[in-house]
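Take a walk through this structure with the sequence at hand.

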Amino acid sequence: MFDQSMKKSYETDGFLVVENLFSDTDLRQIRQRTDEIVADPDSAPKGVGVGREGDTAADRSSEEAANRAVRGTSFMVRFDPLFQRLALQPKLLEIVRGLLGPKVRVFRDQMLLKPPGGQAKPLHQDQSYFRVLPEGELVTAWIALDEVTTENGCMCYVPASHTHGIFEIATDPEHPVHHVPDTRGIDLADPTNCPVAAGSVIFHHGCCLHSSDENRTDSWRRAVILHYTTSRARSEREELNEQISLEID
């Protein structure tokens, strides 16, 4: 599965698209579990965080803040054996280890779920949140549970932006959870949309700038996001080192 051309592409662009890595059978139980949590957030395992669309709004009295549609989860891998098995899939780890090296772990995990009308996620770097050192030892595996299109909010990457390291950030006053990178006037490449089939995985470098548009369809766009690091890597934010999703090696 993994070969050096994949690593070269990742190192050049900062992201790597692997179509159809998982089959419908591979993902059937994951989809069912996700739908259960969307239908009843209280069914999530103890310790799992559930985020709502309205949680991103600074004005808690606004109509936007009242939107309680599920936007995502955190720590499914840490607290749900079904998601742990997904994170340990050999065909997934083969690529992760090819990009990072032989000893890895799941540093953090999320589900990011765009309901119909779900909001956009503006341009950002994962490393602005996680601050993992060494900088190059964080790779995100973005697993599409559904077909992902430009209409329902596919991932969009700025090729080679990872070569500039971690950008300093400001906070969006209307949506404080969003980090606004200061790209210092660097001449960056045009963003590239990455629509993919369900079961595909996009691997991206922790410093690669990426975004996703709003969901302009009447269907959900669901994804599981696994942030892998080397076993030796550590965050500058000590509390994150105490919340590792899954030790592997």
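The lining of the largest pocket is made up of eleven nonpolar, 15 polar and ten charged residues. This is a predicted model. In total, 36 residues line the pocket. Nearest its centre lie Arg71, Gln110, Leu112, Lys121 and Tyr129. The space inside comes to about 900 Å³.

Which element gives the most to this lining? Strand 4 does, with seven residues. Other elements that give two or more residues include strand 2 (49-52), strand 3 (70-74), strand 5 (121-124) and helix 6. Strand 7 (138-144), strand 13 (210-212) and strand 14 (221-230) also belong to this group.

Now turn to the rings. The model holds three aromatic pairs. One of them joins phenylalanine 15 and tyrosine 157. These rings are stacked, 4.7 Å centre to centre, with 10° between the planes. Phenylalanine 15 sits in strand 1 (residues 15-18) and tyrosine 157 in strand 8 (residues 155-157). The pair thus links distant parts of the chain, 142 residues apart. Both phenylalanine 15 and tyrosine 157 are buried.

Another pair is edge-to-face: phenylalanine 107 and phenylalanine 130. Phenylalanine 107 belongs to strand 4 (residues 104-114) and phenylalanine 130 to helix 6 (residues 127-130), so the pair ties together parts 23 residues apart in sequence. Phenylalanine 107 counts as buried because its relative accessibility is 1%. Phenylalanine 130, at 9%, counts as buried too.

The charged end of arginine 78 sits over the ring of phenylalanine 75, 5.3 Å from the ring's centre.

Key: Residues are numbered from 1 along each chain as its sequence is written. This is a predicted model: local features need pLDDT of at least 70, side-chain atom pairs count only at pLDDT 80 or more; totals for chains, interfaces and linings use all residues. Side-chain values use heavy atoms; hydrogens and water are left out. Rings of Phe, Tyr and Trp (its six-membered ring) pair if their centres lie within 6.5 Å; planes under 30 degrees apart count as stacked, over 60 as edge-to-face and the rest as tilted. Helices (H or I, at least four residues) and strands (E, at least two) are DSSP runs, numbered from the N terminus. Buried means under 20% relative accessible area, exposed over 50%, partly exposed in between (1.4 Å probe, protein chains only). A charge sits over a ring if NZ of Lys or CZ of Arg is within 6 Å of the ring centre and within 35 degrees of the ring normal. On a 1 Å grid over the protein atoms alone, a cavity is a set of points where a 1.4 Å probe fits but cannot get out, and a pocket is an open set with protein on both sides within 12 Å along at least five of seven lines; lining residues have an atom within 4 Å of a point. Grid points are joined across faces, edges and corners, and a volume is the space filled by probe spheres set on the points. Ala, Val, Leu, Ile, Met, Phe, Trp, Tyr, Cys and Pro count as nonpolar, Asp, Glu, Lys and Arg as charged, and the others, Gly among them, as polar.
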